[in-house]
Amino acid sequence: MTSYLIGVDIGGTFTDCVIVGDDGQITTAKAPSTPEDYSRGVLNSMSVAADQLGYSLEEICRSTRLLTHGTTIGTNAVIQKRGAKVGIITTKGHNDVIHIMRGSRGLTGRDISKIIHFPESSKPTPLVPKSLIEGISERVDYRGDVVVPLHEGETREAIKSLLDKGVEAIAICFLWSFKRPEHELRVKEILAEMAPDVFVTCSSDLVPRWGEYERLTATALNAYIGPLTAGYLLRLDQKFKDLGYAYPLQVVQCGGGTISVERAVQAPLLTLDSGPVAGVTGSKYLGQIMGYSNIITTDMGGTSFDVGLVIDGEPAASSLGLVNQYEYFLPNVDIQAIGAGGGSLVEIDEKNGLIKVGPQSAGAQPGPVCYGRGGTQATVTDAALVLGYISPDKFASGTMKLAKDQAEKVIYDVAASLDMTPLACAAGIVRIAEFQMADLIRKATVQRGIDPRDFVVFAFGGAGPMHAGVYAFEAGAKKVVVPQTKMASTWCAFGAGAADILHVYEIVDIIAEPFGASQFSQHLASLEAQADAQFDYEQGSTAGKISYRYSISLRHKGQINEVEIFLPGAHLTEGDIAKLKGEFYDRYEQLYGLGSYYSKAKLEAVTFRLRAVVETPKPQLVQSLTATGEIPDGVLLGSRSVYWDGLGQSVDTPVYDAELLVYGNAIVGPAILETVDTTIVLHPERRAFVDHFGNVEITQI
Amino acid sequence: MNNLQRMPKVSELPDVSFDGVNEPYIPGETLNISPKLKLHSKWSDDIDPISYEVIRHNLWNINEEHGATIQRISGSPVAIYAFDLNPSILTEDAEFVFFGPYMQYMSGVTDVQVKWLLENRSDNPGIEDGDMFLANDPWVGAAHQMDVMLICPVFWEGELFCWVTNCLHQHDIGGITPASFCPSAESTFDEGILIPPIKIIENNEIRRDIEELYLRSSRSPEIVALDFRAQMAGNMAAKERILALIKRYGPETIKGVMKKIISTAEVDFLEKLSKIPDGEWRERSYVECCRPGDRQVYPAHILVRKKGNHLTFENEGTALQDGAMNATYAGWRGSVMVAINQILCWEQSFAMGGALRHITFDPTPGTFTCARFPASVSTAPVQAMEIALYPTYNVLAKMVYSDPEMRKDIMCTGGSSQFPTVFFNGLDQRGDRYAMGLIDPLAGAIGAFSNGDGISTGGQARTPICKIPNIEHTEQLYPLLILYRREIADSGGAGKYRGGLSAEVAFMPHNTEEILHNTVSSGSALPTSIGMMGGYPGVTNIITFSKDTDVLTRMDEGLLFDDLEALGGETIAVPLRQENFSQKAADIFSVTWSGGGGYGEPLEREPSRVAEDVRAYSVTREAAHTVYGVVLDRETGDVNVALTKSLREDRRHKRIQSYEGDVKTLEGELILEVTQNINVRQGDAGKHYCCSRCSADLGAISGNYKEACISENLPLSVSNPLIGDPDRFVDADPLFRQFICPGCGFIVETEICLRDDPFLDDIRLQL
């Protein structure tokens with residue numbers, strides 16, 4: 001029997017499964033997500049896919065070498081406020097860190113242009129009420145010196161008090177613990193003795209970084225989602241074992257790789273908001289095969305548009321996560337999002353004759369008007385339907401028939417109030433949304449010193465391929481790739497299966513010049529030891545090739561901007577150190593503009609980082625060897641009337657079955673390319689070309 | 001006492017030249033621009049709604065990218081944490097298209113400086129493509145000398161198409177005190193360099209001679225030079241993108257969109273004004289201490305007059321300029337504009353040009369919120385400008401209250417309403433010189449709303465997206481050990497809806513011999529986060545210095561404490577303005593900043609909310625009883641409904657029991673809801689105010705309703721239990737005045753005032 005890789009990704013509406021055989025055969029399936037117990041949806045989607053291959057669930061599990069899972073269980077717990085009752089133990093006098101929130105109100109998901117309207121600008125509900133936060137006597141200073149030793153008596157009283165109040169998880173975070181973790185570790189020991197069953201997280205274990213608000217928030221969030229996520233993953237892992245899967249389940253994490261289920265149970269925070277990340281890791285993998293090292297990934301679903309970057313073959317990283325207005329430290333793949341999806345609502349200001357699109361969204365419920373679920377306000381999807389971009393009969397694999405007449409009616413009303421023709425109005429609505437997406441791409445690139453002209457845009461998600469032909473070129477990119485047309489809408493599940501195992505280790509030590517090679521090497525060696533220990537522990541799951549990548553983040557003393565410089569290895573020579581400054585200035589100018597660095601200022605080292613990667617088995621994609629310009633029979637499905645903004649009129653437009661196109665096929669717009677669950681809109685003056693992996697490339701003519 | 005005789009307003013001084021030299025620059029109706037400068041003034045009125053929205057969004061994004069560029073390149077804590085900057089786009093004749101979501105008062109200082117430039121530089125040295133102008137003169141239009149503007153004209157085919165500008169607070173530009181906040185300055189000659197707009201970039205190149213002149217007065221020229229490059233890059237990025245838009249869509253379309261952004265905002269603003277009755281609304285507040293050793297207080301007044309489709313703002317009644325507490329016209333106007341934008345224009349995404357067409361600013365020159373040259377103004381933003389800003393929320397709230405929709409936008413005065421400025425300097429833990437201000441009070445507090453509680457440590461309304469540093473950031477940079485930073489129960493003003501809590505930060509020196517402090521703190525004796533419509537004020541600023549405490553001994557014993565009382569030592573009331581105050585090893589310096597003001601009568605707060613406040617450590621049990629009249633079960637903390645009801649009734653009864661006048665109830669037609677406590681009804685003898693609850697007659701609308709109320713002068717500590725004895729700081733006799741409805745005993749309004757103050761005539765309706 002063939003052996004398989006399986007990726008499963010839970011989304012808001014559907015759970016997607018992709019199975020890749022070592023013969024390169026790809027099978028995709030969807031099943032409804034099951035919020036009351038997500039593992040049912042996971043197994044259902046796997047069963048559907050296995051069924052397509054003619055196997056039972058057990059059979060497929062037994063012959064699987066790698067099963068990778070992307071979960072939203074932690075994210076949902078935060079959003080639905082269903083996490084554990086958490087207690088916090090912290091340095092006395094600093095109990096209010098997560099309430100003060102650095103004096104900000106958390107801007108996540110906010111429309112910045114309305115930020116001055118304070119009556120709708122509150123802080124989120126505190127993760128932990130003040131009554132469950134215990135400050136105890138202990139103090140370490142910025143050098144890591146103990147100013148006041150840990151007071152064990154107070155510690156025991158604090159623990160007792162929290163346990164009496166019924167906490168289910170405890171987060172420990174002291175000031176400067178990333179410089180000296182002993183106090184936190186001692187409290188953990190005492191907890192193990194007093195309350196062995198309580199879920200415990202230490203900030204110095206989880207995210208040993210500089211800045212107590214974001215570190216404590218990370219620690220508290222980890223405790224908050226810990227019991228729920230751990231329970232879910234352990235149950236699922238057991239089910240797979242029972243079904244005959246022989247390896248440890250791998251879980252998608254925010255850093256752009258996977259971790260074993262064991263690590264995910266200790267540090268569930270690593271899985272928080274990891275959903276969109278798999279799309280970036282899948283793009284990285286496909287980019288490697290296709291020879292693209294600079295990629296802008298764009299994922300558009302019903303409610304949001306997510307932009308990620310692969311630069312020089314690696315996903316662009318960030319160290320800050322955001323969920324529900326909480327900001328927390330976490331090494332993650334940097335993904336920028338705006339609430340521009342198919343569900344973005346159209347707003348009309350009749351008095352001034354104005355139109356706006358988003359950021360409010362109709363969401364999945366009621367959804368666009370054409371879903372027929374009670375939506376009454378026009379959305380981008382309604383406009384796309386009216387234009388002829390989407391076929392009302394083929395939406396979501398044909399499982400849902402769209403009500404075109406209802407969409408036409410609301411778009412007609414909008415057009416009438418603006419004194420426009422309905423089709424021009426619908427095209428305008430789509431254009432406004434597409435330009436907003438182009439602006440987000442610009443924000444994610446140009447505003448960080450990255451030139452989008454050096455990048456290709458990968459477009460996936462249910463709606464990405466529909467709009468990429470506008471937003472990508474508007475943002476300045478030269479080419480769009482719709483990866484593996486069959487999988488565009490299940491791309492994150494594929495990405496999960498294509499991800500390597502990744503562990504990120506960090507030490508923060510703020511060191512001003514002059515730098516010493518031995519001091520730096522010492523920190524790097526300690527990171528190396530941590531990674532070695534983890535892999536020794538996880539032996540068995542890590543049969544692949546292990547590689548370590550070291551870096552240091554440097555900055556001008558007295559400034560905030562940090563620049564990450566990659567290092568040749570863990571053992572630095574004085575020569576390596578001497579080169580650092582020049583590399584810093586080069587990179588700084590690249591990111592912040594010519595002449596932006598200031599050579600008279602001292603440099604400071606801040607973060608020492610190790611990314612340890614274990615290669616996992618990869619899906620083997622089958623290449624076609626011979627190109628043909630001849631479009632196979634049956635590919636042209638027919639035609640329908642589509643309104644093209646650039647032409648200013650409706651044109652009878654050919655519709656193709658994108659899944660049947662073969663290597664070498666080229667189609668010139670206007671045209672519509674359909675797959676089972678997404679649509680590629682090929683505007684006039686655009687050309688589509690199918691490459692030897694079956695990806696569709698779009699360029700401007 | 002200060003001279004309060006009636007002085008002429010700007011509109012009453014037709015012969016005075018408001019040219020930005022001795023008097024503040026106030027642009028006239030038309031600008032006097034040299035014919036050498038050609039303005040691009042053709043635009044299209046025929047823009048389809050889709051193009052409009054696409055281009056509007058682009059222009060908004062350009063301005064956002066402008067701000068992000070400055071932050072990115074500057075990299076300084078001022079730019080990144082305090083967001084003390086703002087970028088703008090203006091039309092060729094200096095009307096706002098957009099300003100940014102950063103430091104809000106900077107909007108008000110931007111258009112006037114560009115207008116001055118048009119009038120004064122278009123002939124000599126001329127305004128050309130490729131130029132940029134540097135400016136920081138507060139009489140021309142800066143808020144204070146450290147707010148340095150870089151102004152960039154954008155040309156299209158030889159005509160001035162529009163302006164992009166930015167303003168960024170500089171770390172130090174000279175003057176007698178490090179960091180250029182000069183609390184003891186007697187005039188601007190003691191302060192940083194003054195620069196009326198000068199051409200610092202010519203033909204896209206920095207003029208080295210001018211740059212050296214600019215940097216020469218600074219104690220940290222490297223940082224100022226880097227910030228200057230950040231400002232330049234921000235303008236360049238914005239200019240390039242606007243030119244790209246013009247190329248793509250044509251100049252007349254882009255200009256048409258700019259004009260339509262303004263006119264759309266104008267239409268919306270006028271629609272709002274049309275829903276508001278004509279009248280005058282007034283607020284009064286006090287600033288303390290204008291120079292070291294001073295124990296006086298100085299009134300600041302704000303008045304808004306609404307007549308038809310026009311608003312006029314005045315400061316009549318404000319004390320004369322004196323010492324170092326002053327602001328110029330631009331700072332006052334910019335502050336008032338912050339509140340106007342937030343209450344009346346918040347849907348307009350920072351496009352204020354339309355509203356400004358219908359607003360007149362008519363202050364009285366020579367007062368401390370509209371000071372003449374050469375007054376000291378370096379501390380303007382933390383004192384005179386804040387006392388100009390926050391009371392404006394109250395006058396606008398009362399102006400819009402009668403409209404049920406606009407009522408939802410009301411906000412009470414927020415925390416740090418007089419910023420407790422603590423600048424410290426000395427040798428840091430590495431032996432290097434440093435000078436830095438305590439940024440923590442920027443965590444402020446947001447005042448209560450008309451439909452909900454304020455936001456605890458929710459920031460300062462005038463810098464809506466700022467963040468304070470982590471403790472670990474501050475301790476890394478400066479030789480401090482921060483003992484605690486915590487929210488303070490009862491610091492938020494009481495009311496039907498409670499003001500947000502403020503916080504306290506306390507620190508001791510660490511790895512240094514001594515810290516030297518320069519302090520400016522008004523709002524320490526009299527609360528400046530005043531309440532609204534019966535609400536109580538938030539706590540005052542409290543700066544405490546505990547000398548020779550036991551902290552080191554206690555630490556040796558292994559104990560930390562999170563309040564000063566447990567640590568002994570001698571408590572010294574820190575003078576409100578002082579320089580080079582020394583803090584040694586066992587001395588603790590603590591700053592509590594003012595909280596948010598409360599909205600409405602505290603006795604009307606839902607008792608269950610008070611119980612929840614007590615559980616959440618927002619209100620103490622004592623205050624729940626004394627201020628809110630809520631009785632909680634000792635064990636469970638739940639509300640004792642029966643006892644609460646009788647306690648509250650008893651309180652109201654006591655307030656009115658000795659009233660001997662007649663209470664007449666009005667039953668005529670309800671004409672207007674004036675505040676949450678006052679209605680206007682048609683009476684037999686014309687329109688009368690009455691209590692909104694019991695309809696007790698409060699007199700004709702031609703008079704002051706307060707005359708018909710029972711007035712009670714109470715100590716300040718009744719208004720907020722955390723407020724200490726004002727006698728420590730000022731000679732005046734301040735008090736908390738309540739105006740009680742003689743019919744039902746509920747509070748109609750409150751005042752923070754001096755004993756001799758007449759009742760403030762806060763509402764004058766023209767119905």
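1. The model is a predicted one, so please read every value below as computed from it. Strand S12 (residues 421-427) of chain B pairs with S13(B) in the antiparallel sense, over 5 bridges.

2. Step back from that pair and you can find the sheet around it. Chain B has an open sheet of 4 strands in the order S13-S12-S16-S19, with antiparallel pairing. Strand S13 (433-437) and strand S19 (577-584) of chain B are at the edges with a single partner strand each, so one side of each has no neighbour in the sheet. On average, neighbouring strands here are turned by 20 degrees against each other, direction ignored.

3. Within it, strand S5 (residues 86-91) of chain A is joined to strand S9 (residues 169-173) of chain A by 5 bridges, and the two run parallel. Ile88(A) is opposite Ala171(A) in S9(A).

4. How far apart are the end C-alpha atoms of helix H8 (residues 212-243) of chain A? They are 44 Å apart, which agrees with the 46 Å that its 32 residues should span at 1.5 Å a residue. Even so, H8(A) has a kink of about 50 degrees at Gly226(A), shortly before the proline Pro227(A). Just after H8(A) comes Gly244(A), with a positive phi of about 105 degrees.

5. S6(B) and S7(B) form it with 2 residues between them, and Asn203(B) in the turn has a positive phi of about 50 degrees. S6(B) is joined to strand S7 (residues 205-206) of chain B by 2 bridges, and they run antiparallel. Glu202(B) stands opposite Glu205(B) in S7(B). Strand S6 (residues 198-202) of chain B also pairs with strand S3 (residues 132-135) of chain B, in the antiparallel sense and over 3 bridges. There, Met132(B) has Ile201(B) in S6(B) as its bridge partner.

6. A few backbone details are worth checking by eye. Most residues other than glycine have a negative phi, and most peptide bonds are trans. Ser180(B), though not a glycine, has a positive phi of about 70 degrees; Ser180(B) is in the loop between strand S5 (159-169) and S6 of chain B. Gly669(A) and Pro670(A) are joined by a cis peptide bond with omega of about 5 degrees, and Pro670(A) is in the loop between strand S29 (666-668) and strand S30 (671-674) of chain A. In chain B, the peptide bond from Phe373(B) to Pro374(B) is cis, with omega near 0 degrees. Pro374(B) is in the loop between strand S11 (359-361) and helix H9 (384-400) of chain B.

7. For the domains, begin with chain A, which is divided into domain 1 (82-230) and domain 2 (501-614). Their centres, taken over C-alpha atoms, are separated by 28 Å. The contact takes 4 residues from domain 1 of chain A and 4 residues from domain 2 of chain A.

8. Chain B is divided into domain 1 (47-253), domain 2 (412-602), domain 3 (606-657) and domain 4 (663-767). The C-alpha centres of domain 2 and domain 3 of chain B lie 29 Å apart, and their contact takes 7 residues from domain 2 and 8 residues from domain 3.

9. Finally, how do the two chains meet? In all, 71 residues of chain B are in contact with 66 residues of chain A. The largest share of the chain B side, 12 residues, comes from H1(B). By class, that side has 36 nonpolar, 20 polar and 15 charged residues.

Key:
Residues are numbered from 1 along each chain as its sequence is written. Chains are lettered from A and ligands numbered from 1 in the order in which they are written. This is a predicted model: local features need pLDDT of at least 70, side-chain atom pairs count only at pLDDT 80 or more; totals for chains, interfaces and linings use all residues. Two residues are in contact if their C-beta atoms, placed from the backbone, lie within 7 Å. Ala, Val, Leu, Ile, Met, Phe, Trp, Tyr, Cys and Pro count as nonpolar, Asp, Glu, Lys and Arg as charged, and the others, Gly among them, as polar. Two strands pair if DSSP finds at least two bridges between them. Axes are lines fitted to C-alpha atoms, for helices over the stretch in contact, and angles run from 0 to 180 degrees between N-to-C directions. The expected span of a helix is 1.5 Å times one less than its number of residues. The bend at a residue is the angle between axes fitted to the seven residues ending there and the seven starting there. Domain bounds come from an automatic or database domain assignment.
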